[in-house]
Structures are given as C-alpha cells and as structure tokens.
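Open the structure in your viewer and keep the sequence beside it. This tour tells you what to select at each stop and what to look for there.

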Amino acid sequence: MEDKAQESNQLIYLYAFVPSEQFTDNPMPELEGIEPPEMIQYETHGDITAVTCRVPEEIYSEAKLQRKVEDMQWLQVKAFHHHELMNKLHENYTVIPLKFGTIFETEDTFQAMIAEKKPTILEQFHRLSDKEEWNLKVYAEKDKFMNNVVENSEEMEQKKADIEAMPKGRQFFEKKSSPISQKKKQSKKSGTTARIFMIT
C-alpha cells in the first residue's frame with residue numbers, strides 16, 4: 001500500500017523525444033533525474049522514445065511549481081540540469097526538446113498526448129534528421145539601418161510620392177504622421193539587436 005501511495009504522488013517530467021532506433025543503437029548511461037534519487041527513464045512508444053523522470057507532486061504540481069520558479073536559486077539549479085541533459089541528448093540523437101517544467105499528472109494523460117502527437121513527432125524527426133541548429137545574433141546601427149529602409153523600400157517610395165501629390169497643407173500633417181517620419185524618430189533612440197534562429 002505504501003509503495004502505491006508513493007507512486008500515486010509522483011508526476012511525469014518530460015524532457016524530450018528521441019527516435020527509438022537511434023536510442024536502441026546508442027543507449028544513454030544511467031543519469032540522475034531533476035529530483036534525485038529518481039533516475040532518467042527512457043520510455044519506448046513504437047518509433048518514439050520519451051525521455052522522462054518521476055518528480056514529487058508536492059513540488060511539481062502546477063500551483064506549487066508556479067511558486068517554486070520564483071525561487072531563483074532553485075530555478076537556476078533545475079534549469080541548468082534540464083539544459084545539460086538537452087546537450088547530452090543532442091550529442092547523440094535527433095532531439096525534439098520540451099521546455100523546462102513540462103509535467104504530466106497521470107500516466108493516462110501522458111500516453112494520450114503521445115498517441116495524439118505521434119504523427120507530428122515523427123514528422124519532426126524526419127525534418128530535423130542530419131540537421132544542426134545555430135543561434136545567430138545580428139547587430140546593426142539602428143539609425144543607418146532605418147535610413148536604409150526608408151531610402152530603399154518600395155512602400156516608402158510610394159508613400160513619399162503619394163504625399164508629394166497632396167495639397168501643401170495636408171502634406172505637412174501627413175509627413176508628421178507617416179511611417180517615414182516615425183522611423184526616422186525611432187532611429188535616433190537606440191541601437192538594435194536581432195536574433196535569428198535557423199536550422200541548417
């Protein structure tokens with residue numbers, strides 16, 4: 001009875017999905033889960049292997065977890081564990097990672113999710129196979145960038161032509177409220193950083 005009660009108070013923490021064929025050919029060593037002494041589990045569902053571990057309900061129920069993530073020290077440790085496991089998985093398999101804190105309260109809801117999402121998961125495996133993910137940061141001087149947009153955009157050129165065709169009085173107000181004027185104002189405020197995520 002005690003074992004069943006303990007088991008019923010555990011939730012399922014889902015890290016990621018990997019192809020079962022790849023996992024069978026190259027199984028992972030035993031690793032501690034996000035809440036030791038629980039270990040990482042690899043659950044095979046046909047062509048899909050789910051990377052999971054069991055976690056205590058008193059910490060990982062939805063309401064408790066929302067409060068727990070406000071503890072930055074706790075969050076840093078747990079998020080780092082999640083991130084490190086993702087890195088290990090990426091070294092060996094095609095991975096569909098799940099965000100930190102993906103929890104299922106029952107085995108039934110977990111199984112139902114996999115059954116429902118199976119076609120999508122398999123499609124993603126195929127799309128991501130033999131691909132690498134790169135994060136690129138692109139920096140630009142905002143004033144030069146925005147000036148380039150204003151000077152070379154066909155839309156901007158058309159807007160300027162439309163304004164020039166208006167009566168003089170209306171031109172004044174249209175120029176003040178036009179995207180051209182707004183973009184020039186914005187260009188004086190700050191630099192910009194663009195992040196591009198791409199799979200190659």
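The stops below run from the whole chain to single residues.

**Before you start**

This is a predicted model: local features need pLDDT of at least 70, side-chain atom pairs count only at pLDDT 80 or more, and totals for chains, interfaces and linings use all residues. Residues are numbered from 1 along each chain as its sequence is written, and side-chain values use heavy atoms, with hydrogens and water left out.

**Stop 1: the whole chain**

Colour by pLDDT, the predictor's confidence in each residue, from 0 to 100. The chain averages 81, and 76% of the residues score at least 70. Now select residues 1-6. Their pLDDT stays under 50, and the model gives them zero contacts beyond four places in sequence. A contact means heavy atoms within 4.5 Å. Next, select residues 187-200. Here too the pLDDT is below 50, yet this stretch has 36 contacts beyond near neighbours in sequence. Where pLDDT is low, the predicted coordinates should not be read in detail.

Switch to a cartoon view. The chain has ten helices and seven strands. These are DSSP runs numbered from the N terminus: helices are H or I with at least four residues, strands are E with at least two. Of the 200 residues in the chain, 31% are buried. Buried means under 20% relative accessible area, exposed means over 50%, and partly exposed lies in between (1.4 Å probe, protein chains only).

**Stop 2: strand β1**

Select β1, residues 10-19. Is it enclosed or open? Nine of its ten residues are buried, so β1 is largely enclosed by the rest of the structure.

Which strands pair with β1? Two strands pair if DSSP finds at least two bridges between them. Select β3, residues 48-56. β1 and β3 pair in the antiparallel sense over nine bridges. Zoom in on F17: its bridge partner in β3 is A50. Then select β5, residues 103-104, which pairs with β1 in the antiparallel sense over two bridges. I12 has F104 of β5 as its bridge partner. β4 also pairs with β1 in the antiparallel sense, over two bridges. There, A16 stands opposite P97.

**Stop 3: the β2-β3 hairpin**

Q41 has T52 in β3 as its bridge partner. β2 and β3 form a hairpin with two residues between them. Click on G46 in the turn: its phi is positive, about 65°.

Step back to P36 and P37. A cis peptide bond joins them, with omega about 10°. P37 sits in the loop between α2 (20-25) and β2.

**Stop 4: the nonpolar cores**

A nonpolar core is a set of buried Ala, Val, Leu, Ile, Met, Phe, Trp, Tyr and Cys residues joined through side-chain atoms within 4.5 Å. The largest has 23 residues; select Y15, I40, V51, Y60 and L89, which have the most contacts inside it. β1, β3 and α5 each give two or more residues to this core. A second, separate core has 13 residues, including L14, I48, I121 and L128.

Now centre on V51. Leaving out residues up to four places away in sequence, V51 touches several residues, among them Y15, I40, L85 and L89.

**Stop 5: the aromatic rings**

Show the rings of Phe, Tyr and Trp (its six-membered ring). They pair if their centres lie within 6.5 Å; planes under 30 degrees apart count as stacked, over 60 as edge-to-face and the rest as tilted. The count comes to seven aromatic pairs. One of them is Y13 with Y15, a tilted pair: 4.8 Å centre to centre, 55° between the planes. Y13 and Y15 are both buried.

Next, select F23 and Y93. Their ring centres are 6.0 Å apart and their planes at 50°, so the pair is tilted. F23 is in helix α2 and Y93 in the loop between α5 and β4, 70 residues apart, so this pair links distant parts of the chain. Both residues are buried.

Finally, select Y13, Y15, Y60, W74 and F100. Ring pairs link these residues into a cluster.

**Stop 6**

Buried or exposed: what is T94? At 10% relative accessibility, T94 counts as buried. T94 lies in the loop between α5 (72-92) and β4 (96-97). Outside its sequence neighbours up to four places away, T94 touches F17, V18, P19, Q22, F125, L128 and S129.

End at E62, in helix α4 (residues 62-68). E62 is exposed, with a relative accessible area of 58%.
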